[in-house]
Amino acid sequence: MALLNWKTCLHNKSQSLLSSWVGTTPCNWVEINCDHSGSVTHLNLSSYGLRGTLHNLNFQSFPNLLSLNLSYNSLSGVIPASLGNLSNLTTLYLHMNQLSGFIPQELGMLSSLTNLALSTNNLTGVIPASLGNLSNLTTLYLYMNQLSGSIPQELGMLSSLTILALSTNNLTGVIPASFGNLSNLTILYLYDNQLFGSIPQELGMLSSLTNLALSTNNLTGVIPASLGNLSNLTILYLYDNQLFGSIPQELGMLSSLTNLALSTNNLTGVIPASFGNLSNLTILYLYDNQLFGSIPQELGMLSSLTNLALSTNNLTGVIPASLGNLSNLTILYLYDNQLFGSIPQELGQLTSLHMFYLATNRMSGLIPQELGGLTSLSELDLSSNNLTGTIPTSLGNLSNLTTLYIYKNQLSGSIPQELGMLSSLTNLELSVNNLTGTIPAPLGNLSNLTTLYLHTNQLSGSIPQELGMLSSLTKLELSVNSLIGTIPTSLGNLSNLTTLYLYMNQLSGSIPQELGMLSSLTNLELSVNSLTGTIPTFLGNLSNLTTLYLHTNQVSGSIPQELGMLSSLTDLRLSINSLTGTIPASLGNLSNLITLYLSKNQLSGFIPHELGRLSSLTDLRLSINNLTGTIPASLGNLSNLTILYLHTNQLSSSIPQELGMLSSLADLELSVNSLTGTIPASLGNLSNLTILYLHTNQLSGSIPQELGMLSSLTDLRLSINSLTGTIPASLGNLSNLITLCLSKNQLSGFIPHELGRLSSLTDLKLSINNLTGTIPASLGNLSTLTSLYLHTNQLSGSIPQELGMLSSLTEHDLSKNSLTGTIPASLGNLTELMNLSLLLNKLSGSIPFEMNNLTHLKDFQLAYNQFTGHLPENVCLGGLLVNFTASDNHFIGSIPKSLRNCTTLFRVRLQGNQLTRNIGDNFGVYPHLVYMELSYNKFYGELSTNWGQCQNLTSLKISNNDISGRISPKLGDASQLHLLDLSSNKLYGEIPKELGKLTFLIELNLGNNKISGYIPYNFGMLSNLERLNLSRNSLSGLIPELGNCKKLWMLDLSNNHLSKYIPLQIGNMHFLQYLDLSQKFLIGEIPQQLGDLKTLEFLNLSHNALSGSIPSSFDQMLSLRFIDLSYNQLEGPIPNIKAFCEATVEAFRNNKGLCGNTIGLKACPSTISHNPHVKKRNTIMKLILVFLGIVFLIFITVGITICFHSRKMKT
């Protein structure tokens, strides 16, 4: 009756399965056995598909039950505690059900039990300690439940136990040492739990053990050497724990071992050579540890080995050739180590090998041809090594190969045609090498290929049409090569293609229409090529497309409206092209779009307000176009937007208040537009904003106080606007601010002392404003500041001592202010300073000695102040100084010694001081020097020959000193010299002809010296010369021919002893504006050719012995502004042009007889005018008279001839 009652409680379908259970004699029912007395002894309903509980089964009705097997059903509910009353029960199988709840303590009363299987249920709670009472138990299966708690020590009392399987539960605690007492145990499975602690040494006493699996726990400590005593052990799984220490040598004594898995631990040390003794070993997994040292040669003795995995360790050394003896090996994993050397040829003997992974090591040398003999190989991975040479053609023999990874090496040469024979290949990755040549057309035969990666090589030529035959292909990456030609139309046949990467090549032509047939395509990247034409409208058909990169090409035309149909698109990048027209409003339909890049094109028109519907958008870049109009207020709806770049357009009007609603915005760049109005106070709500660029606009008004609420802001640039008012003190709250640029505005008032609280600030630029007051001492607190620009303001007062605390400062510009006082000695603490500019202030006093500590200076500007004393002695002690300006002060003494060997100098300006000492001893050779000015000082001595060795020197100015001696011919070696000014010194001797080699010379000024001799003839070859001043010397001889100096516009040879005539070639200098040949010994007439100097403005020929009349050609010199012809022997009329008519009588004094229409000169007696029109009429009259005379003579001649013939005929 108990069984029938239970049957009625089962699911209906389960009842039908027990249809034979009728009547009152259960001994005749299916799967029930009884003893002689009719008592039920065996109940076996395994795999009957029963569904229900055990709750209504009255076990007390079966006092003689020996075996209960209800496994492989769908029984649920709890295990009844009443089972504990079945004192004769020997077998209890309830595994593979859906039982839940705790394991009853009462099961510990089943003293006759030998087999207990409760595995693969949903049991929870702890393992009852009472199970330790089951002294006859031989098998205990509790695996695959949800048991928790620790393993009871009492289980160690089960002396008859042979199999203990507690795996795949949630057991915690340590493994009981009492397990060492289970002398009959053959199988111990504790894997896939949360056990911790160390592995007990006592497990080494389990002499009958064949299978030990402790994997996937949290075990720590070392592997006990005692495990080496388990002579019958065939399987040892300790993987996926946290074991550390070295692998015991003793494991090499486990002669029966077939499977050894110690992977995914923290094991260190070397692989024991004793493992070579494990002759029955088929699987050795040591991967994912921290093992080091080399792979033992002895592993080559493991003749039964099929799987060897040593990957993801720190193994070094070479791969032992002995591994080639492992004839049964099917899997060899050595990847992710530090192995080096070449791949042994002996590995070509592993004819059973299916998988060979050697990736991510430091292997070098060639890929052995012998690998082509591994005909069973299905997967070969040699990627991420340093392999060189070519890809062996023999790899084409691997007919079973499905995966070939050789990427990230240094392979060269071409891709073998033979790879096209690998008919089983599904994955081919040869990327990131130095492969050259073309892509082999036979690759188009690989009909099973799904992945083809050839990117990041040096492949050239065109993309083969044959690739369009790869019908199974899903990913094609040919990017980062030198491929040319057009994109093959055949690629449109790849109907399974999801990824097409052709970016960073030299592809040209238009994008094929056929790509619109790739209906599976999700990623299309054609960027960084030379593609032309328009964006095809058919791309709008690619409904699965998520990424479209066409940026950095030469694509033109408008953006197709059809792109707005790409409903799956998340990333659209069309920047850096020549796109024109407007931004399509249809892009507002791309509801999944995250990134939209349209920058660096020629797009025009307004920004569509529909873009405000892109609710998923995080990155919008429309910068560097010709966009006009206003910024749409609808952009304020883009709540996920983190980046908004609208800079470098022609946007106008005000910044919308609505942008203050972009709560996720981190980067806002609206700079370089024509935005007007004020900065919206609502921008202060952008709490995540890190970058705000509004510079280079026409913004006005004051800076909002609310910007001080942007607590995440790191970079604020408002420069080059028309902002007025004061700098808000609230900006001092921006504790994360790194850059603050407010320069080139009209800001006024004081610099807020609160800026001294910006502890993260590195760059502070407040220059070119109307700021007044003193520099706040609080700026000295900005310990991370590297740049401080306060120049071009109206700041006053002294430089604060506290600025000397800015230990990170490299750029410091306080120039063009009204600062007074001395330089603080504390500035000498700024040892990282590279650029210091104090010029154009009212600073005074001497330079503090502490400034000698600034050994990193590259740019040092002290000009236009009132400094006294000496220049800093160690100004170039660090050997880095490039620009040094100290002009127009009151410095005395000599040039600093550190400057003599300062080879980094580029520009030096020290003019306008009272520097002294011998100039020949102060300067060395400067290979980078371009500009040197030492004028208006008190230097003496002779010029050093070192100047000629300054090969990049373009300007050398040392005028108005007391320099004497001769000009060194070596100066002619300064071949780049453009300007040479040695005027107003005491130089003597001749001008070296070597100066005529300075073909780049634009200005030469040697005036006001004591130079004598001739002017070098080769000066006439200085074709770039524009200004030549040799005045106030003692030069003699003739004026040289300067006809090739056609660019000359200033020529001053006055106050010398030059004689003879004015050279006719001067008339060829058509750019001449200034000509002074006064106070010489010139004779003869003024050349008619001087009248060709149409641009001449200044002419001084006074104090010579010129004679004759002023040439009539002077009537054409309409640019002339000044004339002086005094003290000559000129006579006749002066030209009737403004310069002569308005000149004073002093300009014509002491001549022989000049006359003309100007004050102080007498009128000319003749009516002949110098007017050009009068001259023209006179010329015409002369021509008429000559013509009439000739006609008259012809008539007379003809008349005489006729008379003569008449007389002759009469005679």
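The model is predicted, and local features need pLDDT of at least 70, side-chain atom pairs count only at pLDDT 80 or more, while totals for chains, interfaces and linings use all residues. Residues are numbered from 1 along each chain as its sequence is written, and side-chain values use heavy atoms, with hydrogens and water left out.

Strands (E, at least two residues) are DSSP runs, numbered from the N terminus. Two strands pair if DSSP finds at least two bridges between them.

Let's begin with the open sheet S3-S5-S7-S9, in which four strands pair in parallel. Strand S3 (51–53) and strand S9 (122–123) are its edges; each has a single partner strand, so one side of each has no neighbour in the sheet. Within this sheet, Gly-77 sits opposite Leu-99 in S7.

Further along comes another open sheet of four parallel strands, with the order S56-S58-S60-S62. Here strand S56 (844–846) and strand S62 (914–915) are the edge strands, pairing on one side only. Ser-846 faces Thr-868 in S58.

The bridge partner of Ser-1036 in S74 is His-1057, whereas Lys-1060 lies opposite Leu-1082 in S76.

| Strand pair | Bridges |
|---|---|
| S5 (residues 74–77) and S7 (residues 98–101) | two bridges |
| S56 and S58 (residues 866–869) | three bridges |
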